[in-house]
Amino acid sequence: MTGASSGIGAAFARRLARQGFALILVARRLEHLERLARELGGAESLAADLTLEPDLARVEARIASAPDLELLVNNAGFGTKGRFWETPLDAQERMHRLHVMATLRLTRAALAAMVPRGRGGVINVSSVAGFGQSPGNVSYCATKAWMTSFTEGLDLELRGAGSPVRVQALCPGFTVSGFHDTMGMSRERIPAWLWMRAEDVVDQSLRGLEQGKPLVVPGAIYKMVVTLEKLAPRWLRSAAVMRATRKRRDPAS
Ligand SMILES: NC(=O)c1ccc[n+]([C@@H]2O[C@H](COP(=O)([O-])OP(=O)(O)OC[C@H]3O[C@@H](n4cnc5c(N)ncnc54)[C@H](OP(=O)(O)O)[C@@H]3O)[C@@H](O)[C@H]2O)c1
């Protein structure tokens, strides 16, 4: 479980611990992981910054040394604010390393044992943001689109190979967690009815995994948003995004 120190990852950890899973909790903030491990009555805490090669290799090796791994949840992630060419390149690079390279490497390490064993699953926590584009969020949308496409592609490959191993792209909308605090974004700006609880996101994900769903979009409102994104022509989607962007810049418009 990556990104277990807060939010959706911590909610996954609590739910999976109740189901009897022995957990390996991964994130940078060791003290948060150890506190959660104590709360859960025991879990392995592995402090790692997954944007750094030696740390990523260490987590990869830990997965390889756990041949009975039942479930990998690639959940660690973060957002940034601001135009692509104005925000620090370093943050954009770290985002690509975390959302893309860490997901790729850890999924590969897990499937290498799961597929021959004929059992296991991987949940990649993507986002509804991956179904579209939005100014100020370019790298986030692009990396989440990659995560969703990668996972859906793997699902086809696994099914095509007759493997019972399941993969899922979990695509939440606004969820109460540390995500927006880390970004420095106030939750007040988003209408209350759009917020989901991390526990409900996790419920829908695990139910979807049991049902073999490769794509889970929690919440009726976000299912509708994704359906509209898929059906609407490109010009209409672009016009809607540009209108919303102008409105954010100039609320009187
Ligand atoms: N909240 C939302 O509205 C929302 C919506 C759609 C998708 N998501 C996705 O949900 C996932 C979980 O986010 P959240 O909402 O639960 O936010 P969160 O509470 O901020 O949790 C993010 C987690 O990722 C970990 N993390 C960040 N950078 C890391 C790094 N370099 N190496 C290792 N771990 C790292 C953080 O731990 P440390 O800081 O301790 O490393 C933390 O545990 C993310 O992938 C996010 O993109 C969130």
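Which residues of helix 7 are buried? They are Ala198, Val201, Val202, Ser205, Leu206, Gly208 and Leu209. These residues cover an arc of only 155 degrees around the axis, which puts them on the same side of helix 7. Keep in mind as you look around that this is a predicted model. Here is a short tour, starting with the whole chain and ending with two single residues.

**The chain as a whole**

- The protein chain holds 9 helices and 6 strands.
- Its radius of gyration is 18 Å, close to the 18 Å that the globule rule gives for 253 residues, so the chain is as compact as a globular protein of that length.
- Of the 253 residues in the chain, 37% are buried.
- Take the contacts in the chain with a separation of 6 or more: 61% of them join residues 24 or more positions apart.

**Around the ligand**

- The ligand is surrounded by 30 residues, and the closest are Gly3, Gly7, Arg28, Gly77 and Gly178.
- Sorted by class, this shell has 15 polar, 12 nonpolar and 3 charged residues.
- Two helices, helix 1 (7-18) and helix 6 (179-183), each supply at least two residues of the shell.
- Helix 1 gives the most, with 3 residues.

- Helix 7 runs over residues 198-210, so to speak a stretch of 13 residues.
- From its first C-alpha to its last, helix 7 reaches 19 Å, close to the 18 Å expected at 1.5 Å a residue.
- The buried residues of helix 7 pack against helix 1, strand 4 (121-125), strand 5 (166-170) and strand 6 (215-216).
- Turn to the other side of helix 7 and you find Arg207 and Glu210, which are exposed.
- After helix 7 comes Gly212, whose phi is positive, near 75 degrees.

- Helix 9 covers residues 234-249 and has 16 residues.
- Its reach from first C-alpha to last is 23 Å, close to the 22 Å expected at 1.5 Å a residue.
- How many of the 16 residues of helix 9 are buried? The number is 0, so helix 9 lies largely in the open.

- Ala10 lies in helix 1, and it counts as buried because it has 26 C-beta neighbours inside 10 Å.
- Not counting residues up to four places away in sequence, Ala10 touches Ala4, Ser5 and Leu36.
- Ala10 and Ala113 are 103 residues apart in sequence, and their C-alpha atoms are 25 Å apart in space.
- Leu194 has its place in the loop between helix 6 and helix 7.
- Is Leu194 buried or partly exposed? Leu194 is partly exposed, with 13 other C-beta atoms within 10 Å.
- Leaving aside neighbours within four places in sequence, Leu194 is in contact with Gly173, Phe174 and Ile221.
- Leu194 and Phe174 are 20 residues apart along the chain, while their C-alpha atoms are separated by 6.3 Å.

How values were computed. Residues numbered from 1 in each chain as written. Predicted model: local features only at pLDDT ≥ 70, side-chain atom pairs only at ≥ 80, totals over all residues. Near = placed C-beta within 6 Å. Helix = DSSP H or I, 4+ residues; strand = E, 2+ residues; numbered from the N terminus. Nonpolar A, V, L, I, M, F, W, Y, C, P; charged D, E, K, R; others polar. Expected span 1.5 Å × (residues − 1). Buried ≥ 20, exposed ≤ 12 C-beta atoms within 10 Å, placed from the backbone. Arc of directions from axis to C-beta. Contact = placed C-beta atoms within 7 Å. Rg over C-alpha atoms; globule rule 2.2 N^0.38 Å.
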